[in-house]
Structure formats: C-alpha cells, structure tokens
Amino acid sequence: MTMRTRTLGTTGPQVSALGLGCMGMSALYGEADRTESIATIHAALEAGVTLLDTGDFYGMGHNEILIGEALRAAPAARREQALVSVKFGALRDPDGGWSGYDGRPAAVKNFAAYSLQRLGVDHIDVYRLARLDPDVPIEETVGAIAELVEKGHVRHIGLSEVGAETIRRAAATAPIADLQIEYSLLSRGIEDEILPTTRDLGIGITAYGVLSRGLISGHFTADRQLAPGDFRAMSPRFQGDNLRHNLDLVEALRKIAGQKGVSVAQIAIAWVLSRGADIVPLVGARRRDRLTEALGALDVTLDAADLAAIEEAVPAGAAAGARYPAAQLAHVER
C-alpha cells in the first residue's frame, strides 16, 4: 500500500488520500474500546494517514480528549504530520439529547477555546460548523472563524452539510478549504449541484459515510443486533424492507469485488476515490483490522468496465430509505 496525497481545495492543506473519522470511537455506534481506538489512530498515523476528523460534540468532548491522548503518545514525527479537522456547534444536554446548532460568533470562539484545550494543540487545522444555524447568517459564522485564522488558532476554514448557495456565500466571505459531506455509492446527492459548485470555487470535499455507516462494508447482516445507543437503530436505511433491499445491493457489489479479488468495503471506498482528486474519503475504522482493510482500497484500480459494472449494480438513487431520520434531515441543506 502506497499512501498518496491530495489537497483540500485550492486554499487547504495537503493531506493523505484517506482520512480517519474518529466519531465511532466515542459515540453513536455502541461501546468502543479505548485502548484499541488509540492503537487504531497510531496505526493510521504510522500508515501515512494525516487527516483525523472529529467533532467537539462526539461523546460531549470525549473524542477530542481521546485524539489528544493518542497524539501525545505518538512518536514526534507522526504527531507533527497529523492534521485535525473539528466540527463544532451542535448543542447537547446532560441526557445526550440534541438541541440544535449555534453558529454565533461568540459561540464559535468559545467552542474553539475548549477544543484547543481538549486536543492539547495550539491550533486546529480545519474548523467548521457541523450544521447551518438557521438563525445566524453563514457570513457571520465564517467571519468569526476567519478571525481565529488571523490569530493563529485555526489554519483553514471548512463547511459541513450545506447547499450550493450557502457554499457560495461562505466563499465570498473568506477562503473555504473544504466541505465535509456524506458521499458514497448509496448517497450521491452532491453530484447534481454541490460538487459542481465546490469544483467551480476550488473547494475540496471530505466525504464521510463512504461505507454508509457500515451498511455497504460487506460485514453487516440482516440479523445483526445493534447495541443500545447505536444510531443505526433509528436510521431508515437499516429498517425492515429498506435494510433487505439495501443488503441486496451489497450482494450485487460483492460479486464485482470478488471478481477483482478485493473486499466489498475496499471496492466501495475505491469508488469514492475514483470520483476525483479533490475528494478525500474518511474511513470510520474503530479497530486496526478494519483500518487495514480500508487502507487496502488505495491499491484498488477501477477501470471503465469496473465502474460501469458498479453503476449497474448500485445505480444512483438505488438506496431504500433516507440517510437520516426526518428530524435530523431538517438540519441538512440540499
């Protein structure tokens, strides 16, 4: 496996071709092993992964503390190569509930102060509002991050799950390095307007959910019992007939993967990699074996025939069910 590099847009940093999404090490997918999580982060850094993605609300700060611990324990050379992307703004309560998003300038600076402390770093490499605050113009939120850039607390400004118009307004306010948004074989909604807009403006894409929360990993089965608190228990794509339909798509993909001698996860990640050098897939591995499998996607080359076969097996719009429950979709721009 040879780790390639990509650039987050025209204003962003150069990063590894795959990034590590650390959310599952702290929240939403059941219990995770802290020791194994840190070992996985170290293994990713050792393999040449440079981009670590988190959110200050993942486990109410737990994920940032975990990454900070992993970075402190990593060899100096690996620690220095790590670039941390942080989402902020999601409001939580002591019971773990969600209370909307806060993009006010004062809140932006407050969130950043706590993230810097929990991570144990002197700057955040990419900083972004997790979801648009409907009560605060994006210009005000981005302007506040730009002030943090001027003071050296943040290196680059990012966006998350916003539509084309918001992207253009944000980019007119300050340089935007990257948009983080869901993109996979089962979630291709960005292709119509969002991806052309980011490419027109020179903004990179950090693609999360490339395995659709494990649905197209090749490891998920219809009889799997999800742990308490697992987000997928409420996800429409994992329910009843939707799940059975979506797993049929996985089996069609498995046949193509088998012909190439690779895993389902590897061909799904390789497909996202094939969509353009401006797209950096995030893999949500919580264990070293899953990380090793995901990294194998870097050695998968998809030719025109492969891509056509994948398109036939899993055409755009083929997924059954929305990618989020209705209440959460209300906070997502498209």
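Start in the loop between β9 (154-160) and α6 (164-173), and select E161. Helices (H or I, at least four residues) and strands (E, at least two) are DSSP runs, numbered from the N terminus. This is a predicted model, where local features need pLDDT of at least 70, side-chain atom pairs count only at pLDDT 80 or more, and totals for chains, interfaces and linings use all residues. Residues are numbered from 1 along each chain as its sequence is written, and side-chain values use heavy atoms, with hydrogens and water left out.

Most residues other than glycine have a negative phi. E161, though not a glycine, has a positive phi near 50°. Is E161 buried or exposed? E161 counts as buried because its relative accessibility is 0% (buried is under 20% relative accessible area, exposed over 50%, partly exposed in between, with a 1.4 Å probe and protein chains only).

Next, select M60, in the loop between β4 and α2. M60 isn't a glycine either, and its phi is positive, about 50°. At 46% relative accessibility, M60 is partly exposed.

Now pick helix α2, residues 62-73. Its buried residues include L66, I67 and L71. Among the partners they pack against are α1 (34-46) and α4 (105-119).

Finally, show α1 alongside α2. Residues to colour in α1 include I38, I41 and L45, which are part of the group that meets α2 residues such as L66 and A70 (contact means heavy atoms within 4.5 Å).

Methods. Expected span 1.5 Å × (residues − 1).
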